[in-house]
Amino acid sequence: MHSAGRPHDDPAGDVVRWASFSCLLVPVVLVVYGTSFGGAAVATLGLVAVTAACRAMLRYSEKAERAAPVLAEDRIPRGGRRRHSRTGSGSGGRGCHTSGGISLED
């Protein structure tokens, strides 16, 4: 159980639990207020489908977030980061382009 002073460890799980609760509560409320059982069943199926899709996207997002630091480490060259000097826009250095997109070397 979660204590009142401690933040939740699984916010996506909390969202899915509340959505599941809504999937159970909404059809009951619809039937109490006069909607047919068929209409309530269709609404329930729609809510279940949306909840399942949202759960899948949340879990995918969590996996991607956990994998992001690992991917960032893979991109850094083994020798560490290298600094590249850049020439100013008016220096006329090699590879500098004019406004027409033509290199000064052309």
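In H1, the buried residues are Ala 12, Gly 13, Asp 14, Val 16, Cys 23 and Pro 27. Buried means under 20% relative accessible area, exposed over 50%, and partly exposed in between (1.4 Å probe, protein chains only). Helices (H or I, at least four residues) are DSSP runs, numbered from the N terminus. This is a predicted model: local features need pLDDT of at least 70, side-chain atom pairs count only at pLDDT 80 or more, and totals for chains, interfaces and linings use all residues. Residues are numbered from 1 along each chain as its sequence is written, and side-chain values use heavy atoms, with hydrogens and water left out.

**Exercise 1.** Check the span of H1 against its 22 residues.

*Solution.* 
- Take the rule: the expected span is 1.5 Å times one less than the number of residues.
- For the 22 residues of H1, that should come to 32 Å.
- Compare: the end C-alpha atoms of H1 are 31 Å apart, which agrees.
- Look just past the end of H1: Gly 34 takes a positive phi of about 105° there.

**Exercise 2.** Find the aromatic pairs in the whole structure and classify them.

*Solution.* 
- Apply the rule: rings of Phe, Tyr and Trp (its six-membered ring) pair if their centres lie within 6.5 Å; planes under 30 degrees apart count as stacked, over 60 as edge-to-face and the rest as tilted.
- The search finds 1 aromatic pair.
- The ring centres of Trp 18 and Phe 21 are 5.8 Å apart and the planes stand at 90°, so this pair is edge-to-face.
- An α-helix has 3.6 residues a turn, so residues three or four places apart point the same way.

**Exercise 3.** Which residues does Thr 51 contact, leaving aside its neighbours within four places in sequence?

*Solution.* 
- Locate Thr 51: it sits in helix H2 (residues 37–75).
- Contact means heavy atoms within 4.5 Å.
- Thr 51 touches Ala 19, Ser 20 and Cys 23.
- Check burial: Thr 51 has a relative accessible area of 14%, so it counts as buried.

Definitions and conventions: Helices (H or I, at least four residues) and strands (E, at least two) are DSSP runs, numbered from the N terminus.
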